[in-house]
Amino acid sequence: MKYIKLSKTNCYLLALSEGYLLVDTGYEADKDRFFKLLKSNNIKPQEIRFLFLTHHHDDHSGLLNDLIEQNPEIRIILSKEASNFLTKGVNTLDFGGAWCNKSMKKAAEFYHKINRKWSLSFPPYFVRENDIVLSEDNFSLGQITGRKLIVLKSPGHSTDAISLLDEDMNLFCGDSAANYLRILGTCYAPPFITDFEQFYSSWQKFIDMGVKTLYPSHGKPIDIAKIKKNIYKLKSECSGEFKWD
């Protein structure tokens with residue numbers, strides 16, 4: 001596995017028998033850094049055979065079109081829900097949600113005031129014929145990628161979220177867990193949660209399936225023991241109201 005750290009997003013490159021599978025991209029503004037770091041890892045865009053998109057948000061899908069411009073043969077692996085949301089070019093707010101707690105609400109609102117470029121938008125993407133759109137849970141990518149990779153539905157942070165489980169029980173989980181801003185009492189959750197019940201149901205699924213380590217899109221890897229210790233700690237009634245202008 002190779003690792004690329006962008007302005008806010010971790011991207012992971014999993015080796016295949018031929019080429020790589022990339023987990024997520026970063027913001028649109030990360031374009032130059034992304035391709036520079038790819039080159040420093042001695043990887044050409046043409047070697048990326050698949051892009052696994054954990055969900056549609058701006059800090060995960062911003063470089064979709066840039067990657068395809070460099071490598072038209074790349075196949076995007078995404079959930080059916082994400083394929084619809086991507087056409088809108090903005091993080092969907094149709095399903096409600098809240099900041100994970102009130103401290104996060106204050107921090108996020110302050111950051112938004114000083115960084116007005118934070119718009120939740122991204123270049124729209126329209127699924128192509130060779131992309132892999134998934135609606136099943138526990139979907140095997142073995143025949144497609146040549147590796148025993150399993151796709152798990154993992155909603156909670158967003159309704160379209162999916163995670164990727166490898167042969168060693170490492171889970172590339174997008175924002176289904178996070179390891180940053182913990183000083184704000186996030187308890188390994190991301191800043192924003194659409195549905196707390198779904199979110200922790202996804203964590204319970206990870207525990208039940210025997211996941212060992214989570215590789216989040218934000219922050220360092222998380223041992224499953226941390227997930228077990230922090231599950232259900234955040235309560236929806238203590239969340240911070242989400243407003244966006």
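Let's start with His218, which sits in the loop between β13 and β14 (222–223); helices (H or I, at least four residues) and strands (E, at least two) are DSSP runs, numbered from the N terminus. This is a predicted model, where local features need pLDDT of at least 70 and side-chain atom pairs count only at pLDDT 80 or more, while totals for chains, interfaces and linings use all residues. Residues are numbered from 1 along each chain as its sequence is written, and side-chain values use heavy atoms, with hydrogens and water left out.

His218 has a relative accessibility of 3%, so it counts as buried (buried means under 20% relative accessible area, exposed over 50%, partly exposed in between, with a 1.4 Å probe and protein chains only). Setting aside residues up to four places away in sequence, His218 touches Lys8, Thr9, Asn10, Asp59, His60, Asp175, Ala178, Asn179 and Tyr180; contact means heavy atoms within 4.5 Å.

## The chain as a whole

Overall, the chain has eight helices and 15 strands. Its radius of gyration is 17 Å, close to the 18 Å that the globule rule gives for 245 residues, so the chain is as compact as a globular protein of that length. That radius is taken over C-alpha atoms, and the globule rule is 2.2 Å times the number of residues to the power 0.38. Along the principal axes, the C-alpha atoms fill a box of roughly 45 × 40 × 30 Å.

Of the 245 residues, 53% are buried. Take the contacts between residues at least 6 apart in sequence, and 71% of them join residues at least 24 apart. The chain exposes about 11,700 Å², with carbon and sulfur atoms supplying 51% of that; the areas come from the Shrake-Rupley method with a 1.4 Å probe, and for residues only the protein chains shown count as cover.

## The six-stranded sheet

Six strands make an open sheet with mixed pairing, in the order β1-β2-β3-β4-β5-β7; two strands pair if DSSP finds at least two bridges between them. At the edges stand β1 (2–5) and β7 (132–134), each with a single partner strand, so one side of each has no neighbour in the sheet. From one strand to the next, the twist averages 20 degrees. Helix α1 (residues 31–40) packs on this sheet and touches β1, β2 (10–15), β3 (20–23) and β4, its direction making about 150 degrees with that of β1. For such angles, axes are lines fitted to C-alpha atoms, for helices over the stretch in contact, and angles run from 0 to 180 degrees between N-to-C directions.

Four of its five residues are buried, so β4 is largely enclosed by the rest of the structure. On one pairing, β3 and β4 are parallel over four bridges, with Leu21 opposite Phe50 in β4. On another, β4 (residues 48–52) and β5 (residues 75–79) are parallel over three bridges, and Phe50 stands opposite Arg75 in β5.

## The three-stranded sheet

There's also an open antiparallel sheet of three strands, ordered β12-β6-β15. Here β12 (192–193) and β15 (240–241) are the edge strands, each with a single partner, so one side of each is left without a neighbour in the sheet. Two bridges join β6 (residues 98–99) to β15, and Trp99 stands opposite Gly240.

Most residues other than glycine have a negative phi. Asp24, in the loop between β3 and α1, has a positive phi near 65 degrees and is buried at 0% relative accessibility. Met169 also has a positive phi, about 65 degrees; Met169 lies in the loop between β10 (162–165) and β11 (170–174) and is partly exposed at 22%.

Met169 turns up again among the contacts of Thr213, along with Asn170, Leu171, Pro221 and Ile222, leaving aside neighbours within four places in sequence. Thr213 belongs to strand β13 (residues 213–216) and is buried at 18%.

## Cysteines

The disulfide count is zero, a disulfide being a pair of cysteine sulfur atoms within 2.5 Å. For Cys11, the nearest cysteine sulfur is that of Cys173, 13 Å away; Cys11 is buried at 0% relative accessibility. Cys238 is partly exposed at 42%, and its sulfur is 11 Å from the closest cysteine sulfur, in Cys187, too far for a bond.
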